[in-house]
Amino acid sequence: MPALEQPRDLLQRFAHGDVDAFEALFRQHQGEVYRWIVRIVRDPAAAEDLTVETFWRIHRAHARYDPSRSFEAWARRIASNAALDHLRSRPRETELPDDLVQNLPQSEQPDPGISQELRRKTARAFGRLPPKLRIAATLALIEEQPYHEIAEGLGISTGAVKLRVFRAVRILRKTLQRQGIEP
Amino acid sequence: MIRHDMNTDDERIRRLLKEALPPTSDHPKAKLQRDLWPATLRRLDQTSVAVPWFDWALLAAVVAWLAIFPRAIPVLLYHL
């Protein structure tokens with residue numbers, strides 16, 4: 001890539017199918033795309049595979065990309081769809097959060113008022129939420145991403161994100177209440 | 001008051017969730033550990049030889065047509 005190349009030129013070359021431009025964009029954005037995906041799927045190995053899948057989809061869709069729009073936002077939407085497909089492809093019964101938790105950070109200062117059993121039940125109930133609701137709730141409540149960023153990344157309105165989070169919380173609360181837990 | 005209660009309930013759920021599934025943001029595994037370009041290139045190479053399903057369907061239709069009407073073969077060859 002020439003040293004003085006403008007990003008706009010790079011985006012236009014990518015839209016025309018230039019592989020060097022695609023590689024340059026890949027190297028600029030692979031880390032951010034991976035971080036976005038790992039927040040959603042909470043599994044580093046799956047996130048790596050999905051990052052590759054995302055860029056494969058990006059390459060395949062290059063002709064539909066509008067260089068006047070943000071590449072990062074477009075890439076995030078494609079990454080969100082890839083992550084959603086991944087979550088949908090896994091039967092909910094086998095989505096044992098215990099498997100995921102071992103790949104994830106444990107709470108550094110766990111609240112002594114919340115037992116390990118309660119954590120496990122909550123994680124399991126959360127893992128059984130419909131994937132679309134789970135993604136919105138993960139990003140909003142756990143990762144604390146701003147609503148407008150979640151909306152942009154999922155390709156929906158901010159209001160729709162809030163609605164999904166609201167529904168996720170309602171379902172989660174009912175599920176826990178059925179198990180005798182009063183959250 | 002109701003709104004206050006709802007917010008308190010939501011805050012309790014949020015806290016419970018963060019205890020059960022801590023955020024990945026600052027965890028080392030949340031950062032990419034290796035370059036994924038070689039894997040992406042392999043993926044692109046694999047798909048470059050893939051044939052779309054409708055091409056296979058078209059080929060099957062032509063073969064079936066030629067099997068049913070064998071006298072159409074010279075006509076097809078003439079037009080190729």
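1. V41(A), leaving aside its neighbours within four places in sequence, is in contact with A46(A), A47(A), L50(A), A83(A), H86(A) and L87(A). Contact here means that the C-beta atoms of two residues, placed from the backbone, lie within 7 Å.

2. On provenance: this is a predicted model, in which local features need pLDDT of at least 70, side-chain atom pairs count only at pLDDT 80 or more, and totals for chains, interfaces and linings use all residues. Residues are numbered from 1 along each chain as its sequence is written, while chains are lettered from A and ligands numbered from 1 in the order in which they are written.

3. V41(A) also belongs to the largest nonpolar core, where it is listed with I37(A), A83(A), A136(A) and A137(A) as having the most contacts inside. That core holds 50 residues. A nonpolar core is a set of buried Ala, Val, Leu, Ile, Met, Phe, Trp, Tyr and Cys residues joined through C-beta atoms within 7 Å; buried means that 20 or more other C-beta atoms lie within 10 Å of the residue's own, with C-beta atoms placed from the backbone. The largest contribution to this core, 10 residues, comes from α2(A). Helices are DSSP runs of H or I with at least four residues, strands are runs of E with at least two, and both are numbered from the N terminus.

4. Chain A is assigned domain 1 (1–89) and domain 2 (92–183), with bounds from an automatic or database domain assignment. The contact between them takes 14 residues from each of domain 1 and domain 2 of chain A. On the domain 1 side, α2 (19–41) and α4 (71–89) of chain A are the elements giving two or more residues, and α4(A) gives the most, with 8. This side divides into 7 nonpolar, 1 polar and 6 charged residues. Ala, Val, Leu, Ile, Met, Phe, Trp, Tyr, Cys and Pro count as nonpolar, Asp, Glu, Lys and Arg as charged, and the others, Gly among them, as polar.

5. Helix α6 (residues 116–127) of chain A has 12 residues and reaches 16 Å from its first C-alpha to its last, close to the expected 16 Å. The expected span is 1.5 Å times one less than the number of residues. Buried residues in α6(A) include R119(A), T122(A) and F126(A).

6. Chain B has 4 helices and 0 strands, and buried residues make up 14% of its 80 residues.

7. Between the chains, 26 residues of chain B are in contact with 37 residues of chain A. α1(B) gives the most to the chain B side, with 9 residues. That side divides into 13 nonpolar, 5 polar and 8 charged residues.

Conventions:
Buried ≥ 20, exposed ≤ 12 C-beta atoms within 10 Å, placed from the backbone.
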